[in-house]
Amino acid sequence: MEKLSVIDMHTGGEPVRIVTGGYPTIPKGTILEKRAWVRENLDHLRRMLMFEPRGHYDMYGVLRVEPDLPGADLAVLFMHNEGYSTMCGHAVVALGRYAVDQGIVAAVEPVTTVNIECPCGMVVASVEVTDGRAGAVSFESVPAFLFARDLSADLPGYGRIAFDIAYGGAFYALADCRQFGLAFGKSRARDFVDAAVALTERAKRDVPLAHPDHADLAFLYGSILTDGGDGAAGIATRNVCVFAEAEVDRSPTGSGVTARLAAMHARGEVGVGQPRLFESIVGSRFTGEVARTITLPDGRQGIVARVGGRAHYSGRAEYWVEEGDELGRGFLVR
């Protein structure tokens, strides 16, 4: 029987299950080719680790693979209830600390740089180190941009909803939650989920996506509902990201914060170097700012965002499936 070992962490309440042993060898290739191969050949292991009885509907995981990009300290695939995402900021925060703690990258005070190859490209994490111990982590992700602005759609039960679509390592639809009659601290999480899923499904149907680097990146990962704020002056703007198969991010969502910053910058709502504060549905916070502006290969204007947070360890475990245990292969109850 296959035995898989893991270390569990969380960033702002969002789980990060890091596979430390037991996966079969993955063939060489680009990170996107590895992602496709794992999806086609090892998906039963994703279900074993992410689904019940070892995980839950909103579990999130990381699989280390051999780096392909020059200069990468480690390379990773991300997994969740639906499949394999292209970017995950909360996991990058956890991986930055993990890489220093595990000696994958030698600790340098006061800041250690960890280059993490993700399916979307190279992400550079900066890990604060004091007395040899890793602490808070910030990262600069791949170029982000506003893909489409001022879109609208009639959603049954909600009426006309305005939204943008932005890319922050993954594509998201962005909308003010007040249009749905929702308010943070007052509305149920279930109501946020229903509204976000309705928006995602309509946007997937109506808005064709394209990415200048690779067609595999051109899919809508989910929707982010915000409180309409901009996170300025130390007053956090709240948001909730509902991604994959209606999975709810407990953190403010690193790639989502990146996408929000790209949209805000394109709208003139934030300038380079202006700090912003983002808060999740459970109250955890990420910092964010536009580090610099860039021009993408297709001529589109974009940004590089810097996002920061803190991760903590939860434990370690070894998992396997006994012969004849069909439920042990993984199931979900929602």
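A residue counts as buried under 20% relative accessible area and as exposed over 50%. Asp 131 is therefore exposed, with a relative accessible area of 68%. The model examined here is predicted. Asp 131 lies in the loop between β6 (121–130) and β7 (133–140). The backbone of Asp 131 has a positive phi of about 55°, although the residue is not a glycine.

Thr 253 also shows a positive phi, of about 80°, and is likewise not a glycine. Thr 253 sits in the loop between β13 (247–248) and α5. At 3% relative accessibility, Thr 253 counts as buried.

One runs from Glu 52 to Pro 53, with omega near 10°. Pro 53 is found in the loop between α2 and β3. Another runs from Glu 109 to Pro 110, with omega near 5°. Pro 110 is placed in the loop between α3 and β5 (111–118).

Helix α2 spans residues 43–50 and is mostly covered. Six of its eight residues are buried. These are Asp 43, Leu 45, Arg 46, Met 48, Leu 49 and Met 50. The buried residues of α2 pack against both strands and a helix. The strands are β1 (3–11), β2 (14–21), β3 (61–65), β4 (74–79) and β17 (311–320), and the helix is α1 (31–41).

Strand β10 (residues 171–176) holds Leu 174. Leu 174 is buried, with a relative accessible area of 10%. Beyond residues up to four places away in sequence, Leu 174 touches Ala 162, Phe 163, Asp 164, Ala 166, Ile 224, Ala 259, Arg 260 and Ala 263. Leu 42 lies 132 residues from Leu 174 in sequence. In space, the two are 33 Å apart, C-alpha to C-alpha.

Thr 237 is placed in strand β12. Thr 237 counts as buried, at 1% relative accessibility. Leaving aside neighbours within four places in sequence, Thr 237 is in contact with Asp 227, Gly 229, Asp 230, Gly 231, Arg 260, Leu 277, Phe 278 and Glu 279.

Aromatic rings were examined next. A pair of rings is described by the distance of the centres and the angle of the planes. A search of the whole structure finds 11 aromatic pairs. One of them joins Phe 145 and Phe 171, whose ring centres are 5.9 Å apart. Their planes stand at 80°, so the pair is edge-to-face. The pair links distant parts of the chain, 26 residues apart. Phe 145 belongs to strand β8 (residues 145–155), and Phe 171 to strand β10. Both Phe 145 and Phe 171 are buried.

Tyr 172 and Tyr 221 also pair, with ring centres 5.9 Å apart. Their planes meet at 55°, so this pair is tilted. Tyr 172 lies in strand β10 and Tyr 221 in strand β11 (residues 220–226), so the pair ties together parts that are 49 residues apart in sequence. Tyr 172 counts as buried at 1% relative accessibility. Tyr 221 is buried too, with a relative accessible area of 5%. Both tyrosines belong to one aromatic cluster, together with Tyr 60, Phe 78, Phe 219 and Phe 243.

Charged side chains also meet aromatic rings. Lys 3 lies over the face of Trp 320, at 4.7 Å from the ring centre. The charged end of Arg 334 sits over the ring of Tyr 57, 4.2 Å from its centre.

The search of the whole structure finds one cavity of 30 Å³ or more. The largest cavity has a volume of about 80 Å³. It is lined by 14 residues, and the closest to its centre are Cys 88, Tyr 172, Asp 249, Thr 253 and Ser 255. Three elements, α3 (89–101), β12 (237–243) and α5 (254–266), each supply at least two residues of the lining. By class, the lining has seven nonpolar, six polar and one charged residues.

Methods. Residues numbered from 1 in each chain as written. Predicted model: local features only at pLDDT ≥ 70, side-chain atom pairs only at ≥ 80, totals over all residues. Heavy atoms only, no water. Buried < 20%, exposed > 50% of the residue type's maximum accessible area, 1.4 Å probe, protein only. Helix = DSSP H or I, 4+ residues; strand = E, 2+ residues; numbered from the N terminus. Contact = heavy atoms within 4.5 Å. Phe/Tyr/Trp six-rings, centres within 6.5 Å; stacked < 30°, edge-to-face > 60°. Lys NZ or Arg CZ within 6 Å of the ring centre and 35° of its normal. 1 Å grid on protein atoms, 1.4 Å probe; cavity = no way out; pocket = protein on both sides within 12 Å on 5 of 7 lines; lining within 4 Å. Points joined across faces, edges and corners; volume = space filled by probe spheres on them. Nonpolar A, V, L, I, M, F, W, Y, C, P; charged D, E, K, R; others polar.
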